[in-house]
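I opened the model to look up strand pairing and nonpolar cores. My notes follow in the order of looking.

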Amino acid sequence: MADKRFLRTSVLRWLGRLDPTRREVLVANGFLIMILIVGGYGYKLLEGWTFFDGIYMTFITITTIGFAEVKEMSLAGRTFTIAVALTGIGTVAFIAARTAQIMLSTQNLKQRYFQRMIDQLSDHFIVCGHGRVGMRIAADLRARDVPFIVIDRDGDVIEELRMNGVMALEGDAQEEETLLEAHIDRAKGVILTLPEDSANVFASLVARECNPEVFILARTNDHRNRRKMLHAGANKVVSPVEIGADRMTQVILRPHVDHFMERLLGTSSDNLSLEEVTVEAGSMLDGTTLAQVKFRSHFDAIVVSIVHPSGELRFNPTGTDEIQANDVLIVLGTPDMIAKLAEDGCSTP
């Protein structure tokens with residue numbers, strides 16, 4: 001008796017914690033099951049049918065399937081069928097309506113969740129277009145835990161991205177309202193990978209108007225449009241076709257260089273990578289030289305170049321080159337080496 005009382009109390013508490021609409025659907029489903037059981041026994045008592053035939057007759061009645069009666073029924077059986085229909089059809093309709101309400105509510109909650117996440121974005125990248133190029137860029141940014149949002153006009157693409165936990169916004173990157181909704185005013189950069197050059201040119205104009213300081217990287221399919229995009233406001237224009245052709249040529253003419261670049265550009269944690277780190281004020285690197293800090297032996301990495309805040313670039317620096325706060329070091333090393341640099345006072349982008 002105590003166990004039954006405890007079970008009943010636990011069930012009531014669980015139901016009390018549920019959303020009212022979900023609780024109503026759960027109770028209605030329980031009531032529907034009870035109607036099926038009562039119908040099964042009712043037809044068995046009134047008409048002498050088997051329990052299964054009774055449940056079947058109840059099911060086709062409340063679902064309005066419209067099949068013929070299992071067997072000829074008496075007046076009592078037909079009266080019972082009317083009662084089953086009145087209670088069962090109403091219950092099924094109630095469950096359908098509440099289920100649709102829950103689905104709509106869940107969708108709205110998901111949209112509000114992503115909108116809150118988007119509203120919290122700052123110092124992020126906006127990837128405009130999720131085609132083959134945009135998809136690869138988004139995957140690389142996600143692998144590096146870089147905050148970004150994808151803009152695309154295809155609602156199915158946006159839904160799939162959100163299901164995978166990617167912040168995405170349905171809209172046209174050529175429209176000011178869409179870029180503002182993606183908080184371009186707080187963005188670190190805009191990456192334009194729209195399929196047509198004309199769309200990328202116009203999107204550059206709009207993005208530059210929305211945020212004069214934002215960095216804009218644009219894709220072009222035709223190198224002749226590079227100048228137009230730069231005039232439209234893009235800081236950098238890249239042609240995937242040209243890069244692909246150059247890489248294929250390198251494979252043939254310089255296979256060993258290509259092998260090195262393959263390791264350099266790989267995504268495995270065992271591969272080398274080129275990374276830029278910023279020297280923070282007061283760190284062990286601030287105000288020293290590469291020789292004094294014993295950079296090569298301490299970090300097991302190679303400094304390829306030092307970039308001053310003024311933009312001056314020193315390629316292949318010597319051990320006597322001094323390092324100051326806010327200098328950017330272009331470093332060649334493994335992810336573990338880069339992580340050690342970050343621990344000792346260098347920040348990564």
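I counted two strands as paired if DSSP finds at least two bridges between them. Helices (H or I, at least four residues) and strands (E, at least two) are DSSP runs, numbered from the N terminus.

The model is predicted, so I kept its limits in view: local features need pLDDT of at least 70, side-chain atom pairs count only at pLDDT 80 or more, and totals for chains, interfaces and linings use all residues. Residues are numbered from 1 along each chain as its sequence is written, and side-chain values use heavy atoms, with hydrogens and water left out.

Entry one, strand E9. I found E9 (residues 302–307) running antiparallel to E12 (residues 328–333), with 5 bridges joining them. Ser305 has Ile330 of E12 as its bridge partner. E9 also runs antiparallel to E10 (residues 313–315), through 3 bridges. There, Val307 stands opposite Leu313. E9 and E10 form a hairpin with 5 residues between them, and Gly311 in the turn has a positive phi of about 105°.

Entry two, the cores. I took a nonpolar core as a set of buried Ala, Val, Leu, Ile, Met, Phe, Trp, Tyr and Cys residues joined through side-chain atoms within 4.5 Å; buried means under 20% relative accessible area (1.4 Å probe, protein chains only). The largest core has 28 residues, of which Ile126, Cys128, Ile149, Ile151 and Val190 touch the most other members. Elements that each supply at least two residues include helix H4 (75–119) and strand E1 (125–128). Helix H8 gives the most, with 5 residues. A second, separate core of 16 residues includes Val279, Val293, Val303 and Leu341.

Definitions and conventions:
Buried < 20%, exposed > 50% of the residue type's maximum accessible area, 1.4 Å probe, protein only.
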